[in-house]
Each structure stands twice: as C-alpha cells, then as structure tokens.
Amino acid sequence: MVAELTALRDQIDDVDKALLKLLAKRLDLVAEVGEVKSHHGLPIYVPEREVSMLASRRKEAEALGVPPDLIEDVLRRIMRESYTSEHDKGFKTLCPEVGPIVIVGGQGKMGELFSRMLQLSGYQVRVLEQNDWDDAEAILSDAGMVIVSVPIHVTEHVIRQLPKLPEHCILVDLASVKGIPLEAMLAVHHGPVLGLHPMFGPDVGSFAKQVIAYCDGRSPESYQWLLQQLQVWGAKLHAISAAEHDRNMAFIQALRHFATFTYGLNLSQENVQLEQLLALSSPIYRLELAMIGRLFAQDAQLYADIIMSSEDNIALIKRYYTCFGEAVSLLDNGNKAEFIEQFNKVKQWFGDYAPRFLNESKALLRQANDSRQ
C-alpha cells in the first residue's frame, strides 16, 4: 500500500511541476500582453474578454470531466496575479502635457499608492507634506494637478489652506466623504475640480476591478484624461453626485463600521476565547470574524473620522439602534411568529438579490474553508 501511494504521489508531483512550468509560461505571456497594452494605452482589465474566456474554459473543462467551478477558481486566482504582472509593466501617459502632479499627503498610504501609479504612467510627481507647508506656494506654482490625500478630519482645513493654484490646475481630493471637500475645493479654486473616492484600501495589488466613485465639480472636460487613466489602470468608475455618494456611504461605511466596532467591543467585554471561536466556527462565521479583526488591525482615527463625519451618520446609527431594540423585543416576548413574519418581509424586500448573494457567497465560503489550518 505504501509503495502504491508513493508511486501515485510521485506522479502527482510530476503533474504539479508541469503545471508550474505552464504557469510560468502564462505569466511570461501576460507580461508581453502588458507591454502591448502599455504601449497602446489599453486598460489592463477588459470585462468582456474575462467573461468570454471563463465561459470557454468552463465549457472545455466540462467536456474533459473537470468540474467547471474548479477551473474558474484556478483561473480567477491566476488572473488576479496576471493583473499585478501587467501593472508592473507601467502604463501609457494619456496626458503628457499636464505638468507636475502634486500629492498633498503623498507620504500617506493612499497618497503613496497614487504616487506610484502616476509614476508608473510616466507623470512627474511631487509630494507636499505638513513640514513642507512653508514652501507650498513654490511647490504648487506650476502644478498641473493637485491631489489632496489627507485624513478626513483635516481634509477641509487643508483644502482651504491651499495657496492660489494655476487657473488650469486640476484640484482633486480622495476623501471617503464628498460633500464638504467638494464644496471647499470649489470655493478655493476657480479651475477644474473633481472629487474621487477609491472604494478600496491602499494595500491592493492592482487597480483591476476596483471601484472608484467620482463626483464632477467643475470643467469636467479638463479631467476626462484622468478618468481614462484610472480605467487604463483597471479601475471601474462610478459617477455619482456628492449628496448621493455621502448618503450611500452612510450605509456602506459609517453604519457597517460602527456595527463591526460594536460587535468587536462586545466580544472583548464578554472576554471570549478567539482560538475557541475559530476552532468551532463555520466558514461564514470565520469570514465575519476575519472582517471584525481586520477593522481592529487598522487605524482607529480613520474609522472614528468615517463614522463621525456627519450628523446624518449619527442619526442613521441611532435609527439602527432603535431597530435593533425593536428586534430584541421580539425575543423578549418570545414572539417567534412575528420574527418569521419580519424575516419574510425582509426576504421579499431583497427579492432576487437574496439568491444572487447566496450564490456569490459560496465561492467566498470555499476560500474561507480552504484557509483553515
């Protein structure tokens, strides 16, 4: 039996080595693709190509008796690496005449990310930090674009402290709230103004498939090249008004982060043993616990700023608190029938999204289970 297993395992090792050689060859081809895209200014992420390729591979896998989900999982992981490899080849400069780009807060994590991407695209990038403020006028005197990338609680103050910018200069901010920064930029600068919100953290390996919300401010024709440059990097753009953006962010960020903070606070006060929770957790709870831990691995100031950035956020959280209390009353009254009725009302409200999210979550749960030690 041992000899038989050893022989089979040796064959599996040989196949794995062959797969490694094929993966290396694929990454080499991807690098060549990246060079072609860079030369022609093509985006690294083309959704139609990805959908078509995955559909073909799934069909071919099924014909070979290979589970289609398996080949899709493998290919998606390979493509994620491929996007990073293409990214390393640099990008075409879509607006070489823009002049120096100054990032206020360019030594922060998000500022560093945008600085690196802009330099990979051939732009001249300068950084303006707090200790450079005495020289701000000189640093900004010939700027073609200024990007403000500072903590939320000082964003408006920094914008309003900017010296007079060249009339053609594009003024951009990266804050996760848009109303107040956009209003401040329009007040201090009479040239082009744009609000951006990268819907991801600075630790992403690639902009491919990452969403960037943008709010038009003034003279949108002047910064269309920038929006196109973001798409060349692989980003998906979502146009939205500042008011609608901030309303949605209240749910996506403020309420969600506060609920996560509260759950983590409760866990710590109950003094549960995290090792025991992990040992006993289902894949879905492991994911939830990972997201809670992720929050507390980051900067407390950032999340305090996001949650407390507006009175509307506080009002929303209070309504959530009221809703939570009403739900608890169902338990106090032992009202199982009412609980089921409310559950089905919410299920109806979700409509087709509920089964869609159920299917989408299956892949995440498989990955969570794969990472279990």
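## Annotated region and basis of the model

Over residues 99-361 the chain is 57% helix and 13% strand, with its end C-alpha atoms 45 Å apart; helices (H or I, at least four residues) and strands (E, at least two) are DSSP runs numbered from the N terminus. In the UniProt record, an unreviewed entry, residues 99-361 carry the annotation "domain: Prephenate/arogenate dehydrogenase", and such annotations may be inferred rather than shown by experiment.

This is a predicted model, in which local features need pLDDT of at least 70 and side-chain atom pairs count only at pLDDT 80 or more, while totals for chains, interfaces and linings use all residues. Residues are numbered from 1 along each chain as its sequence is written, and side-chain values use heavy atoms, with hydrogens and water left out.

An open sheet of mixed pairing is formed by seven strands in the order 2-1-3-4-5-6-7, where two strands pair if DSSP finds at least two bridges between them. Because strand 2 (125-128) and strand 7 (236-239) each have a single partner strand, they stand at the edges, and one side of each is left without a neighbour in the sheet. On average, neighbouring strands of this sheet are turned by 25° against each other, direction ignored, the axes being lines fitted to C-alpha atoms.

Strand 4 (residues 170-173) pairs with strand 5 (residues 193-198) in the parallel sense over three bridges, and Asp173 has Gly195 in strand 5 as its bridge partner.

## The second largest pocket

The second largest pocket has a volume of about 450 Å³. On a 1 Å grid over the protein atoms alone, a pocket is an open set of points with protein on both sides within 12 Å along at least five of seven lines, a cavity is a set where a 1.4 Å probe fits but cannot get out, and lining residues have an atom within 4 Å of a point. Of the 27 lining residues of this pocket, Val177, Asp246, Ser309, Ser310 and Asn313 are the closest to its centre.

Helix 9 gives the largest share of this lining, nine residues. Domain 2 (101-240) and domain 3 (245-334) both contribute to the lining, so the second largest pocket lies between them; the domain bounds come from an automatic or database domain assignment.

The largest cavity, with a volume of about 30 Å³, is lined by residues including Phe114, Met145, Leu196 and Trp233. Helix 4 (109-120), strand 3 (145-148) and helix 8 (224-232) each give two or more residues to this lining.

Note on methods
Points joined across faces, edges and corners; volume = space filled by probe spheres on them. Axes fitted to C-alpha atoms, helices over the stretch in contact; angles between N-to-C directions.
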